Amino acid sequence: MSMAATAPVKTEYEAIIGLETHCQLSTETKIFSNSSTKFGADPNMNIDPICMGLPGVLPVLNEKVLEYAVKAGLAINCEIASYSKFDRKQYFYPDLPKNYQISQYDLPIATKGFLEIEIVNEDGSSFRKTIGITRLHIEEDAGKLVHGGSDRLSGSTYSMVDYNRAGIALVEIVSEPDIRSGQEAAEYAQELRRIMRYLGVSDGNMQEGSLRCDVNISVRPFGQKEFGTKVEIKNMNSFSAIQRAIDHEIERQIAAIEAGEKIVQETRLWEEGSQRTISMRIKEGSSDYRYFPEPDLPPIEVSVEQLKTWRSQLPELPAAKRHRYESELGLSAYDTRVLTDDHPISEYFEATIAAGANIKQAVNWIMGDITAYLKTEKCSVTEIALKPEGLAELIALIEAGTISGKIAKDLLPELLAQGGSPKALVESKGLIQLSDPKALEEIIDQVLIENPKELEQYHAGKTKLQGFFVGQIMKKTGGRADPKLTNQLLGEKLKK
């Protein structure tokens with residue numbers, strides 16, 4: 001008796017992802033000394049005996065670092081420790097001048113937090129997800145190695161070290177392994193950056209190294225409780241690179257498991273050029289760092305009163321703002337996402353509607369023409385001359401029929417560059433919209449008389465020529481003809 005062969009059931013896998021994110025704090029001086037933190041200085045100019053770890057020096061904690069770290073912890077819903085301490089993390093690397101890093105190990109400043117991410121799909125739908133935060137701790141940065149002769153360490157012929165970054169204050173934020181895709185990871189990193197920027201504690205500039213993410217990723221069959229072997233990925237300098245690196249690594253690990261290979265716990269680098277991860281080193285364990293309490297710094301104590309003060313200084317954060325825009329202003333998930341991505345943009349938007357602007361029109365102008373101008377001019381909304389009250393006035397002129405949308409668009413570049421009153425500018429240029437039906441009818445009659453050939457074609461069935469006639473009318477009126485009224489009157493004339 002023969003039996004039909006059945007195809008083997010294909011194993012489905014899920015990814016388990018956690019992120020370790022380093023945020024450089026926007027303090028003017030370093031964490032334990034008064035050297036400048038300004039980016040772009042000549043190599044090895046912003047250094048001093050303390051950040052270089054010379055014998056006999058003593059570090060002193062920058063008080064702004066503690067304030068910024070606590071505010072960051074509060075913003076991601078962490079429990080702030082009333083008592084924490086610094087530790088020495090021992091490891092040798094050429095850009096670490098002391099051969100140890102001052103960090104926090106078993107008693108970090110903040111623990112047990114979370115943040116909400118919102119994924120907006122291509123069809124405009126969205127879903128929200130809460131990602132747990134294991135801890136936020138304070139530490140100092142290392143320097144920077146510049147490899148010459150190749151774009152990769154392995155092919156370089158020499159290396160130079162710049163210690164300007166050594167001793168700059170960081171907070172490291174470690175997520176729970178709650179992330180399941182490259183898209184979720186990229187959105188988590190972006191939300192962290194939004195929060196830090198809203199707080200004003202970090203500029204989050206990935207190109208300058210102010211925000212750096214390391215990804216821990218493993219895969220396991222669906223339904224399995226135990227995690228797979230974890231691999232760390234470094235060297236991702238954009239949110240899209242984070243997503244692509246994770247998606248690639250998920251596929252690599254699944255393919256390796258399916259081929260019977262064993263996943264090794266290691267650190268891998270993301271190669272942007274080849275769009276792949278490559279092995280860098282076998283991962284060290286925490287025991288290799290030989291942590292012990294930092295003997296040169298006292299413990300940190302945060303009083304109830306100080307914590308209350310810092311909490312009261314927190315702004316409305318991105319997630320809360322998104323919720324409010326959707327529930328109170330009736331905006332779509334996509335609109336709220338764009339408007340809240342940049343804190344100055346959201347403030348400009350709110351000031352515009354506070355000045356009486358129509359909400360939807362304000363959204364359209366800010367997300368459309370104004371954002372396009374900012375990208376072209378490579379500037380921030382805080383640098384444009386058109387104030388929110390001016391934009392509200394411009395929108396009011398359109399709604400009142402004083403000017404057309406086209407005239408407003410023509411005037412916008414001048415208003416953005418020079419500011420002033422839109423109404424005064426319209427009057428000085430003689431651009432008030434022509435809305436007198438009698439005057440418009442005379443111009444329409446003139447245009448139809450001047451274009452007999454096109455009029456004949458229109459009556460022969462080429463009705464798209466109505467747009468041609470409108471264009472001619474706009475030309476004669478310098479764009480001042482009321483578009484809606486013009487189309488209405490023209491349509492009536494063409495029916496005769």
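Me: Is Phe469 buried or exposed?
Reply: Happy to start there, with the note that this is a predicted model. A residue is called buried when its relative accessible area is under 20%. Phe469 has a relative accessibility of 0%, so Phe469 counts as buried.

Me: What kind of pair do the rings of Tyr325 and Phe349 make?
Reply: Two values describe a pair of aromatic rings: the distance of the centres and the angle of the planes. For Tyr325 and Phe349 the centres are 5.4 Å apart and the planes stand at 70°. Planes over 60 degrees apart count as edge-to-face. The pair of Tyr325 and Phe349 is therefore edge-to-face.

Me: Which helices hold Tyr325 and Phe349, and how far apart in sequence are the parts that the pair ties together?
Reply: Both Tyr325 and Phe349 are buried. Tyr325 lies in helix H5 (residues 318-329), while Phe349 lies in helix H7 (residues 343-354).

Me: What about the rings of Phe468 and Phe469?
Reply: Their centres lie 5.5 Å apart, and their planes are at 65°. That angle is over the 60 degrees needed, so the pair of Phe468 and Phe469 is edge-to-face.

Me: Which strands stand at the edges of the open sheet?
Reply: Nine strands form this open sheet with mixed pairing, in the order S2-S6-S7-S10-S1-S11-S12-S13-S14. An edge strand has a single partner, so one side of it is left without a neighbour in the sheet. The strands at the edges are S2 (79-80) and S14 (276-282).

Me: Which residue in S7 stands opposite Ile119?
Reply: Strand S6 (residues 110-120) and strand S7 (residues 126-140) run antiparallel and are joined by 10 bridges. Opposite Ile119 stands Phe127.

Me: What is the relative accessible area of Val146?
Reply: Val146 is placed in strand S8 (residues 144-148). Together with Tyr158 and Met160, Val146 forms a nonpolar surface patch with about 290 Å² of accessible area. Val146 is partly exposed, and its relative accessible area is 37%.

Key. Residues numbered from 1 in each chain as written. Predicted model: local features only at pLDDT ≥ 70, side-chain atom pairs only at ≥ 80, totals over all residues. Heavy atoms only, no water. Patch = residues over 30% accessible without salt bridge, like charges linked within 9 Å, V, L, I, M, F, W, Y side chains within 5 Å. Areas by Shrake-Rupley, 256 points an atom, 1.4 Å probe, with all protein chains shown as cover. Salt bridge = Lys/Arg side-chain N within 4 Å of Asp/Glu carboxyl O. Helix = DSSP H or I, 4+ residues; strand = E, 2+ residues; numbered from the N terminus. Buried < 20%, exposed > 50% of the residue type's maximum accessible area, 1.4 Å probe, protein only. Pairing = 2+ DSSP bridges. Phe/Tyr/Trp six-rings, centres within 6.5 Å; stacked < 30°, edge-to-face > 60°.
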